[in-house]
Amino acid sequence: MEADAEEELATLAAQQLGLGDNDWLDITALVRAGARTLGSGELIKQPSLTLFDAMTSVEVMDARLDMGMLSAEDAAEIAQWDIERPLSLADALWIVERLFCCEMTWHHSASLLQTIYTCNYFTADPLPATIGSSDGGSPLAARDLVVYPLLIATAACCRLVWAEYARENVYAEEDVHLAGPRIFFDAYALPDVARLLDAAQAFLVANDGTPAAEALLAHVTMRRRWLAALAALAAERLADDPGALALGVRELEAVVQHVAAISGQQPMAAPQPPLCAVAVVAGVFDAKCMRRFPSLAPVKPRPLLALDAALATLRQLAEDLMLVAQLVRAESVESLVHFFLALSRRCSSAVLPYVRSLLVSVFASDGRVQLAQPLPAFVRRAISEVSNIDGVAEDGERVGLFCGEAARMLVDWFRTL
């Protein structure tokens with residue numbers, strides 16, 4: 001290091017002396033002066049800086065590694081974002097289906113930053129005050145009465161899925177990325193979301209007769225059913241109200257039917273050329289939004305699912321979630337073993353993380369098996385199927401301790417399947 005550079009750094013560093021713990025000092029000049037002293041290939045870092053940290057925070061000016069790196073095309077796209085832009089119903093359809101593709105890609109273990117949060121309507125702050133109440137003749141009616149109601153309903157679905165992920169039945173990073181911001185519009189309770197979907201349906205019925213309005217109406221109906229299914233099958237609700245299982249299954253069956261109906265509209269509504277018959281709405285989706293959260297961005301890029309693959313994913317989710325009913329209704333421990341062994345023989349990627357997590361929660365959570373049986377009672381029943389434990393169990397306390405420990409090991413084994 002040159003003497004004058006060393007003296008400059010020492011002078012800048014000395015300015016920090018005498019500062020209290022809560023005082024802030026602009027060290028931009030210090031950092032720039034330090035950078036001028038570095039040669040090619042040199043780096044100043046804390047010992048705790050890992051390769052992962054470097055991959056997500058140090059730009060190497062290669063788009064394959066710097067997911068937040070902006071090209072001239074990216075910058076031009078971002079510049080076109082305008083939350084006050086009037087939207088046609090065809091524009092709204094493109095946005096809604098692109099967001100749906102983002103949601104289903106998230107279910108395939110992508111992060112929120114790579115999928116849903118790329119939608120600028122999602123991350124806008126503050127939200128428009130006219131959501132759900134705009135005049136039907138307003139130039140922003142499609143935004144306030146279609147895009148935002150469906151967007152908030154999508155967030156409500158994600159909120160229910162995230163609550164299941166929070167039970168820690170799946171692997172972080174491999175199955176789900178838990179790092180990053182959490183924007184699920186918690187202020188909108190499920191009844192509020194239902195009212196927004198009612199407003200969207202009324203607006204679209206009033207504008208019925210165009211292909212875009214019909215396609216959007218199908219999305220509103222499918223979203224309502226999917227949200228109702230997720231709410232009915234939430235582990236907490238099933239524990240309090242096992243009767244919700246039948247409601248959840250009915251809603252899942254309706255989802256499958258609506259997916260088939262929307263698939264028939266696919267050539268008109270797919271989100272990407274050449275299948276898309278409507279113009280792309282520039283600036284609405286920012287694929288490089290993770291540049292605002294460099295330390296939280298995942299290293300591996302994830303391509304967005306096309307509409308046909310997204311619809312197939314929702315159908316798979318709905319059909320696999322029907323396994324919850326089969327799990328709850330299993331009448332013997334042997335049938336449970338066969339159920340989980342059959343599930344484990346499927347490719348791990350074939351059963352999506354949310355389904356696997358919910359199955360584990362339904363099988364054993366809050367000290368109960370299949371939502372009803374206490375764990376020790378379940379183990380006693382399992383042993384009694386192949387032995388006469390009740391006939392030899394004179395010491396009830398020791399048998400109880402044995403059953404409790406056996407229950408813990410059994411649950412751990414099922415969780416690994």
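Predicted model: local features only at pLDDT ≥ 70, side-chain atom pairs only at ≥ 80, totals over all residues.
Local features need pLDDT of at least 70 and side-chain atom pairs count only at pLDDT 80 or more, while totals for chains, interfaces and linings use all residues. Residues are numbered from 1 along each chain as its sequence is written, and side-chain values use heavy atoms, with hydrogens and water left out.

Me: Why is Val31 called exposed?
Reply: Exposed means over 50% relative accessible area, buried under 20%, and partly exposed in between (1.4 Å probe, protein chains only). Val31 has 52% relative accessibility and therefore counts as exposed. Val31 is placed in helix α2, residues 28–36; a helix is a DSSP run of H or I with at least four residues, a strand one of E with at least two, numbered from the N terminus.

Me: Why is Asp286 called buried?
Reply: The relative accessible area of Asp286 is 5%, so Asp286 is buried. Asp286 lies in the loop between α12 (266–269) and α13 (307–321).

Me: What does Asp286 touch, not counting residues up to four places away in sequence?
Reply: Contact means heavy atoms within 4.5 Å. On that basis, Asp286 touches Ile78, Thr118, Asn120, Arg291 and Arg292.

Me: How do you know that β1 is joined to β2?
Reply: Two strands pair if DSSP finds at least two bridges between them. Two bridges join β1 to β2 (residues 368–369), and these strands run antiparallel. Within β2, Val369 is the bridge partner of Ala364.

Me: What makes β1 and β3 stand at the edges?
Reply: The open sheet has three strands in the order β1-β2-β3, with antiparallel pairing. β1 (364–365) and β3 (373–374) each have a single partner strand, so one side of each is left without a neighbour in the sheet.
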